Structure formats: C-alpha cells, structure tokens
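Thanks for coming. I will go through one structure today, starting with the whole chain and ending with a few single residues. Please have a look at it first.

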Amino acid sequence: MRTVVRRPSSAGSRAAEARAARRAARAATRPRPRPRGNSGSGGGRNTSSAIWALTSPWERKQPGELAPAGKFWLELPEPVRYAPLVFVQLGFLPFLFSYAFLPGVVRAGFDLPALLATVTAWAWAKVSSLGAPAFLGRLGSLACRALELPAGSPTDVMWGRILHTTLPLMPVLYFFAVVPALDLFIGRDGNKDKAGNGKPTTSRRGHSEFRVVLWASAIIYITMLPLSCAAAAAQPLLATITIGVGLGMYGASQFAVAHELLHSPLPKDRSLSWLLLVYLFYPHYERSHRLIHHVRVGTPEDPSTARRGQGFYNFFVRSVVENWTEMQKIEESALVRASWIAGPSLLGLSLLAALGPKALGVYLLASFVSVLSLELVNYIEHYGLMRKKVNGKYEQVGKAHSWNADFFWTNMHIINLQLHGDHHLHALKPYQRLENFEDGPQLPAPYPVMMLLALVPALWFRVMDARLDRLEAGTS
C-alpha cells in the first residue's frame with residue numbers, strides 16, 4: 001500500500017510560521033538566567049534560572065503614549081489637570097457620610113434598600129426551596145448581630161445598614177480598581193512638554209495657581225477628619241471601621257500633598273505641611289524625609305530604601321522605627337522633638353473628649369492606613385536600586401536610583417509622585433514640572449497595582465527581581 005503524505009496548505013504553513021515567530025519574540029524578551037548565588041544590587045536573595053518578568057497590560061503602551069482622552073485632558077488649563085485630587089475628595093463625601101445622604105436619596109424616590117430587599121426575598125425563596133431555611137435563618141441572625149440591629153429586623157432595614165457600612169469603602173475601590181483601569185485606557189505621559197522645555201526648573205516660588213490645588217486638598221482633609229470622627233461616633237463598630245479605612249485612603253493621597261509642601265521655600269506652605277502631617281499622625285516625616293531620605297537614598301543607611309530581597313512587611317517595620325529613632329538623634333531641638341508627640345496626642349485627646357472613643361479609633365485607624373500606604377510607596381520607589389561606593393564614598397544620586405512611572409491618570413491624583421527620579425535629582429522642582437526619565441528604571445504598572453503586588457512578597461520578588469536583573473544586564 002502506498003503511503004500518502006499530506007502537505008500543509010500554504011495558509012496553514014503561514015499560520016504555523018506566525019505562531020513560531022511569536023514564541024521566539026516572547027522568548028527574546030525574557031531576561032537571561034543569572035548564575036546561581038549572585039544576589040545582585042542590594043544582595044539578599046538568589047535568583048533562580050527559572051525567574052522571568054511577568055508582562056504587564058499597562059506596558060502595551062510605550063512611555064509617553066497617550067490615548068485621545070489623555071490628549072484632550074492635556075488641553076485643559078494646567079492647574080485644572082490636577083483637579084481630580086480635589087474632586088475625588090469632594091465626590092466621595094456622600095459615600096463617606098452615606099448615613100446622612102442615603103435617607104435623602106430614598107425620599108427622592110430611589111429606595112435602594114427596598115429594591116435590594118426585594119431581590120433578596122426572591123433569592124431567599126429560591127434557596128429555601130432547595131432545603132436550606134435553617135442556614136438562611138442563622139445567616140440573617142449573624143448579619144443582624146454584626147450590624148448591631150435587633151434580631152428579626154426587616155430586610156430593607158438590614159440593607160440600609162449594610163450600605164451605610166460598605167459605601168465608605170468606595171475610595172478604596174476607586175483607587176485600586178478604577179484608577180488603574182483608566183490608566184489602561186488613557187495611557188502614559190512623561191510631562192515632557194511642561195518640564196521646562198529642556199531648561200531645568202528648580203524654583204518653587206510662584207506657581208500660585210498650582211499651590212491652590214495643594215492647599216484646597218489639605219484643607220478639605222483637615223475638615224473631613226473631625227467630621228468623619230463625629231459621624232463614626234454615632235455608628236455601629238463595623239461602620240466605624242469602614243469609615244476609618246475609607247478616610248485613610250484620602251489620607252494616603254495627602255502624604256503626596258504634604259510631601260510637596262514640605263519642600264516649599266515658603267514658611268506658610270511648610271506650616272501647612274506640618275499641620276497636615278499631625279492629622280496623619282506622622283509629623284516627624286517633615287524632617288526625616290529631607291534629612292534622612294534625600295541624603296541617604298539608595299544606601300543601606302536609608303530606612304526608606306528597600307534592599308533587594310527585603311519583603312514589604314520587614315521594610316515597613318524598619319522604616320517606621322528607624323526613621324523615628326534616627327530623627328531623635330539628628331534633631332537637636334527638644335521643642336521640635338516634643339511637637340512630634342504633642343501634636344497628634346493633643347488632636348487625639350481632643351477628639352476623644354469631644355466625640356468619644358470611636359472618634360479616636362477613626363483617627364488612629366485612618367492614620368494607620370495612610371502611613372501604611374506611604375510606606376508601600378516608599379518601598380516601591382527605590383526597591384533594589386543601590387548607589388555604589390567609589391573611593392569610599394557613595395556615588396551621586398542619578399536616574400538609575402528611582403523607579404519611575406508615567407501612567408497618566410494615577411499621576412493626576414497624586415500630583416506626579418510617580419515621576420520620582422526627577423524629584424530626587426531636582427528636589428526644588430514643583431510637581432507640575434516633574435518629568436519622566438525614560439532611560440531610567442520603569443515600573444510595569446501604576447502605583448495602585450504595585451502597592452497590591454508589594455503585599456504579596458513572593459509575587460513582588462518574581463516581577464521586580466527579574467527587572468533588576470535586566471537593569472544589571474543593561475537590557476532595560
């Protein structure tokens with residue numbers, strides 16, 4: 001019998017060749033394995049031959065590549081571009097104070113709790129028909145207990161309390177889900193057109209219209225804190241916790257504002273920065289950032305520089321503790337050192353006396369969330385990027401010692417904090433003039449995504465250590 005060999009069609013052959021080409025292209029972009037035992041810059045963790053960099057959907061656009069929506073936004077007057085920092089605070093007030101706004105919505109004709117109760121009753125009936133009424137009854141009792149409602153409360157009342165409890169968390173959802181999603185759509189911008197047209201801008205004097213954004217944001221938060229504490233004082237414990245967490249997300253963005261103000265040459269800006277940091281329970285940051293971080297960045301002596309292989313949780317403890325203890329040694333004025341304790345203590349005791357223990361709890365919880373967010377950002381900004389010693393001295397800070405990100409929509413909310421390399425080279429540059437160094441280290445995703453990634457050390461190392469390998473090999 002004769003064997004018939006079928007040849008692939010020309011279309012099939014071309015498809016196979018295309019698949020092979022794609023596989024070869026992906027293989028070419030992966031970092032080459034490093035020899036086992038070479039821990040690289042910063043030391044501390046061996047890199048196995050199997051390590052590879054996860055690709056990021058945010059990198060589908062090249063640095064500086066903006067979608068039409070981003071280009072439209074750039075056509076707005078300059079200070080208005082950064083208005084999201086302020087608008088988000090104002091826009092989420094109804095969620096933070098949902099206990100006051102939701103009844104008005106119901107009176108206006110949109111009874112969301114009743115609608116949810118109807119849907120729940122329908123679902124309840126379907127599940128009960130499957131033979132689980134006892135379980136559903138226990139679930140309802142547990143919900144009433146957690147929401148501090150009488151047993152057997154109507155379903156619409158339960159839903160009203162659930163909404164009051166969960167809506168304050170909307171800022172968390174917005175920052176960690178909506179903002180990165182919009183970055184995918186809007187794209188990237190390195191602020192090249194506003195960075196001084198090639199001339200280094202090092203003065204923070206003037207630019208009053210941009211300072212209005214900072215002052216407005218700071219004053220809103222300083223006002224929101226006591227209002228949130230007053231709201232929580234009359235709410236169940238679970239709602240108090242969610243108010244504290246939601247407020248803490250606002251506080252996270254306020255560290256960017258305080259950071260900008262503390263670098264200002266104007267005394268009134270620095271005074272507002274100190275007051276804002278008191279409301280964030282971190283007033284010594286105003287001094288530690290300038291006297292420790294900017295001097296020691298990229299060295300083992302800087303508590304705010306994460307070394308390669310150092311997980312976030314270890315970094316968090318070290319940064320918080322060592323920045324405080326180092327400042328006790330560096331700061332010569334006993335009055336200044338005392339103010340770091342007296343300021344937050346006086347505010348906390350005032351809230352406790354006027355509004356009760358839940359108000360104090362909101363202040364402390366919101367401050368913890370804010371400080372945690374600050375230290376996550378500190379961890380991200382310099383991870384594994386260490387300055388070398390030359391003739392016994394550390395080399396000058398350069399473009400290679402900070403991670404940068406030009407994801408547009410995130411930068412509009414945190415006043416270009418992701419353009420961090422330029423800030424370390426030109427600390428006096430105002431935020432609206434910072435630019436991205438495309439020839440410096442680039443993060444694979446915007447800060448919100450990287451913050452979540454840092455909370456999972458194994459995944460963080462897998463992504464970022466591979467990028468360090470590529471930097472050392474000169475391929476990125």
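**The whole chain**

Of the 476 residues in this protein, 47% count as buried. Buried means under 20% relative accessible area, exposed means over 50%, and partly exposed is in between, with a 1.4 Å probe and protein chains only. This is a predicted model, where local features need pLDDT of at least 70, side-chain atom pairs count only at pLDDT 80 or more, and totals for chains, interfaces and linings use all residues. Residues are numbered from 1 along each chain as its sequence is written, and side-chain values use heavy atoms, with hydrogens and water left out.

Next, confidence. pLDDT is the predictor's confidence in each residue, from 0 to 100. The average for the protein is 86, and 83% of the residues score at least 70. Where does pLDDT stay under 50? One stretch is residues 25-52, for which the model has 44 contacts beyond four places in sequence. Another is residues 195-202, with 12 such contacts. Contact here means heavy atoms within 4.5 Å.

As for secondary structure, the protein has 21 helices and two strands. Among contacts between residues at least 6 apart in sequence, 75% join residues at least 24 apart.

The accessible surface comes to about 22900 Å², and 64% of that belongs to carbon and sulfur atoms. Accessible areas come from the Shrake-Rupley method with a 1.4 Å probe; for residues, only the protein chains shown count as cover.

**Cavities**

Rolling a probe the size of a water molecule over the atoms shows where empty space is left. On a 1 Å grid over the protein atoms alone, a cavity is a set of points where a 1.4 Å probe fits but cannot get out, and lining residues have an atom within 4 Å of a point. Grid points are joined across faces, edges and corners, and a volume is the space filled by probe spheres set on the points.

How many cavities of 30 Å³ or more does a search of the whole structure find? There are six. The largest cavity holds about 300 Å³ of space. It is lined by 21 residues, and the closest to its centre are F175, M249, A252, S253 and I414. Elements that give two or more residues to this lining are α4 (84-91), α10 (170-186), α12 (237-262), α17 (357-382) and α20 (447-454). The largest share, six residues, comes from α12.

By class, the lining of the largest cavity has 17 nonpolar, four polar and no charged residues. Ala, Val, Leu, Ile, Met, Phe, Trp, Tyr, Cys and Pro count as nonpolar, Asp, Glu, Lys and Arg as charged, and the others, Gly among them, as polar.

**Single residues**

Now the backbone. Most residues other than glycine have a negative phi. F281, in the loop between α13 (267-279) and α14 (285-296), has a positive phi near 60 degrees. I415 also has a positive phi, near 45 degrees, and lies in the loop between α18 (408-413) and α19 (420-425). Are these residues buried or exposed? F281 counts as partly exposed because its relative accessibility is 37%. I415 is buried, because its relative accessible area is 4%.

Two glycines come next. G187 is in the loop between α10 and α11 (208-233), and is buried, with a relative accessible area of 1%. G187 and F408 are 221 residues apart in sequence, but 6.1 Å apart in space, C-alpha to C-alpha. Leaving aside neighbours within four places in sequence, the contacts of G187 include K61, E65 and D406. G64 sits in the loop between α1 (10-29) and α2 (68-74), and is partly exposed at 40% relative accessible area. With neighbours within four places again left out, G64 is in contact with R188, D189, G190, D406 and E438.

Last, a histidine. H293 is in helix α14 and counts as buried, at 3% relative accessibility. Not counting residues up to four places away in sequence, H293 touches S288, D302, S304, T305, H382, H420 and H424. The C-alpha atoms of H293 and S304, 11 residues apart along the chain, are separated by 6.3 Å.

That is the end of my part.

Methods
1 Å grid on protein atoms, 1.4 Å probe; cavity = no way out; pocket = protein on both sides within 12 Å on 5 of 7 lines; lining within 4 Å. Helix = DSSP H or I, 4+ residues; strand = E, 2+ residues; numbered from the N terminus.
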